[in-house]
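This briefing is meant to be read with the sequence and the 3D view side by side. Please look over both before going through the points below.

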Amino acid sequence: MAKKLADAECYLGPGDYTYRIEEVFDRRLGQVIYELHGTYQPTGRGCLLGEYNTREAARDAMVRQRERDSKKEE
């Protein structure tokens with residue numbers, strides 16, 4: 001089970017999406033990981049998009065997800 005730490009970043013995506021990177025301590029692994037979450041604002045529905053070893057990797061994944069979402073709106 002992961003324990004949420006205080007550090008989080010939020011980003012607006014294209015259209016109705018927002019993304020959040022949370023720094024969490026994973027007790028199973030015994031290390032800090034970074035979770036990427038996405039939320040569809042009209043419904044408030046959110047999901048975990050991935051877990052990453054570094055904040056940079058989580059940001060890169062978020063950029064790729066934002067690019068995919070912007071293509072959906074075209």
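This is a predicted model: local features need pLDDT of at least 70, side-chain atom pairs count only at pLDDT 80 or more; totals for chains, interfaces and linings use all residues.

A residue is called buried when its relative accessible area is under 20%, and exposed when that value is over 50%. Gly50, with a relative accessible area of 14%, therefore counts as buried.

**The chain as a whole**

**Strands 2 and 3**

- Strand 2, which spans residues 17-26, is mostly covered, since seven of its ten residues are buried.
- Strand 2 runs antiparallel to strand 3 (residues 31-40), and the two are joined by ten bridges; in one of these pairings, Val24 has Ile33 in strand 3 as its bridge partner.
- Four residues lie between the strands in the hairpin that strand 2 and strand 3 form, and in this hairpin Gly30 takes a positive phi near 70°.

**The largest nonpolar core**

- In soluble globular proteins, nonpolar side chains tend to be buried together.
- The largest nonpolar core of this model consists of seven residues, namely Tyr19, Ile21, Tyr34, Leu36, Ala58, Ala61 and Met62.
- Strand 2, strand 3 and helix 1 (55-72) are the elements that each give two or more residues to this core, and helix 1 supplies the largest share, with three residues.

**Tyr34 and Gly50**

- If its neighbours within four places in sequence are left aside, Tyr34 is in contact with a list of residues that includes Ile21, Glu22, Gly50, Tyr52, Arg55 and Ala58.
- Gly50 is part of strand 4, which covers residues 45-52, and, with its neighbours within four places in sequence left aside, Gly50 is in contact with Tyr34, Glu35 and Leu36.
- Gly50 and Ala61 are separated by eleven residues in sequence, and the distance between them in space, taken from C-alpha to C-alpha, is 8.2 Å.

Terms used. Residues are numbered from 1 along each chain as its sequence is written. Side-chain values use heavy atoms; hydrogens and water are left out. Buried means under 20% relative accessible area, exposed over 50%, partly exposed in between (1.4 Å probe, protein chains only). Two strands pair if DSSP finds at least two bridges between them. A nonpolar core is a set of buried Ala, Val, Leu, Ile, Met, Phe, Trp, Tyr and Cys residues joined through side-chain atoms within 4.5 Å. Contact means heavy atoms within 4.5 Å.
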